[in-house]
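Subject: Structure handover

Hello,

Here is the structure you will be working with. Please open it first, then read the notes below it.

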Amino acid sequence: MLFEPITLRSLTIPNRAWMSPMCMYSAATDGPGAGVPHDWHFSHLAARAAGGAGLIFTEATAVSPEGRISPADLGLWNDHQERAFARVSHLLTLHGAVPGIQLAHAGRKASTDRPWHGGKPVAPAAGGWQPVGPSPVPFDDGYPTPHELTVEEIQQVVAAFAGAAGRALRAGFRVAEVHGAHGYLIGEFLSPHSNHRTDAYGGTFANRARLALEVAGAVRAVWPEELPVFFRVSATDWLTENPADERDGWTVDDTVRLAKELHARGIDLLDTSSGGNAPRARVVAAPGYQVPFAARVRAETGMPVAAVGKITDPAQAEDILTSGRADAVLLGRELLRDPYWPRRAARELGARPSWPDQYGYAV
Ligand SMILES: Cc1cc2nc3c(=O)[nH]c(=O)nc-3n(C[C@H](O)[C@H](O)[C@H](O)COP(=O)(O)O)c2cc1C
């Protein structure tokens, strides 16, 4: 099944081994190159497409400057960026992959340093900015207090997602994914752990989910009928593992409820990740540890899902699909280790996906 095509709306993706979005923290941090993909991104992404992944996601791509996780993130808020992203989608298509873009806003976890420089918050004086969030609550010790977004500013965020989606479409992308996971802005609104608002965007489930649904709706409205929109969610904050925190975490029950709402609004697939919103949460990350979350959403909503997280073995990936727990798998670090993982997996599983004519001598 890993090498069976899948059709979502009118888009056929050639297989179900997909590349998960992964930040490279490698763009220029300011000036005209800020947020613009360049040779690093082109070669990195094209190599994974040549390796046979059926759908390749760009890294979390910020919809506005202050939505970048680090100053070196990619973004899609100006023409310069749009032109470079058109080259990305062209390269991915040339190598047989469907080009996907993950649209993101980092919220209170924005303005941090590259991980290999420590990943700590970057102060405005050092080239960073004050992050924004649902409530003036820092992510962790040592993080700045975010500016609490006003309702008008929330509407600007929704508009920024729609604007970036329009640019992504013009740049040739075929799948748009809204990043609602990992404790970034949309996930911060979803979880009562980070959202302490008392207005229409906080308190009840419906209010906390309002931003997620508005962004999903705005992107869906821009994206053509015949092309799919995905949503990445953190299925749990992992706080319910700790009974003392049970009251304030986002749970898998909440995810199932959100999935139904997203599906009803035309979101085509739930990309089911977890964690990232509560630094003290205890996560037990065994192989395939997030697959049960995807399986539950699929079973209880009928919505197509992708599983992600420590999926590294072809037989493991195949089993996730044939057992009906997911419709596709996303690989992250394994594709950093081995860009040709999908072609190797196809040989191991005895599948015969199409190879580029240029590589025909090797088949
Ligand atoms: C270097 C790196 C960058 C990442 N950047 C993103 C990102 O931009 N957006 C996102 O949703 N997840 C991001 N992730 C998470 C991955 O997409 C994936 O969900 C996670 O690594 C688990 O899958 P894996 O065990 O196959 O690596 C990143 C992970 C890594 C290792």
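The axes of helix H3 (residues 151–170) and helix H6 (residues 210–222) come within 9 Å of each other and cross at roughly 30°. Axes here are lines fitted to C-alpha atoms, for helices over the stretch in contact, and angles run from 0 to 180 degrees between N-to-C directions. H3 and H6 are therefore roughly parallel (angles under 35 degrees count as roughly parallel, over 145 as roughly antiparallel, 65 to 115 as roughly perpendicular and the rest as oblique). Helices (H or I, at least four residues) and strands (E, at least two) are DSSP runs, numbered from the N terminus.

The model is predicted: local features need pLDDT of at least 70, side-chain atom pairs count only at pLDDT 80 or more, and totals for chains, interfaces and linings use all residues. Residues are numbered from 1 along each chain as its sequence is written, and side-chain values use heavy atoms, with hydrogens and water left out.

The crossing of H3 and H6 is right-handed (a crossing is left-handed if the near helix is turned anticlockwise from the far one by less than a right angle, and right-handed if clockwise). On the H3 side, the residues that meet H6 are Ile154, Gln155, Val158, Phe161, Ala162, Ala165, Gly166 and Leu169. Their partners in H6 are Leu211, Glu214, Val215, Ala218, Val219 and Val222. Contact means heavy atoms within 4.5 Å. The residues of this contact divide into eleven nonpolar, two polar and one charged (Ala, Val, Leu, Ile, Met, Phe, Trp, Tyr, Cys and Pro count as nonpolar, Asp, Glu, Lys and Arg as charged, and the others, Gly among them, as polar).

A second pair is H1 (residues 39–50) and H2 (residues 79–94), with axes that come within 9 Å and cross at roughly 20°. That makes H1 roughly parallel to H2. This crossing is right-handed. Asp39, Phe42, Leu45, Ala46 and Ala49 in H1 meet Ala84, Arg87, Val88, Leu91 and Leu92 in H2. Of the residues in that contact, eight are nonpolar, none polar and two charged.

Next, two helices towards the end of the numbering. In H9 (residues 314–322), the buried residues are Pro314, Gln316, Ala317, Glu318, Ile320 and Leu321 (buried means under 20% relative accessible area, exposed over 50%, partly exposed in between, with a 1.4 Å probe and protein chains only). Their cover includes helix H8 (291–301), strand E11 (305–308), strand E12 (328–331) and helix H11 (341–349). After H9 comes Gly324, with a positive phi near 75°.

In H11, Trp341, Pro342, Arg343, Ala345 and Ala346 are buried. Strand E3 (17–19), H1, H9, E12 and helix H10 (333–337) are among the elements that cover them. Gly350 follows H11, and its phi is positive, near 75°.

Pro192 sits in the loop between helix H4 (185–190) and helix H5 (205–208). Pro192 is partly exposed, with a relative accessible area of 22%. Pro192 and Gly203 are eleven residues apart in sequence, and their C-alpha atoms are 7.3 Å apart in space.

Finally, the whole chain. The chain has eleven helices and twelve strands. Buried residues make up 59% of its 363 residues. Among contacts with a separation of 6 or more, 70% are between residues 24 or more positions apart. The C-alpha atoms fill a box of roughly 60 × 45 × 40 Å, taken along the principal axes.

Regards
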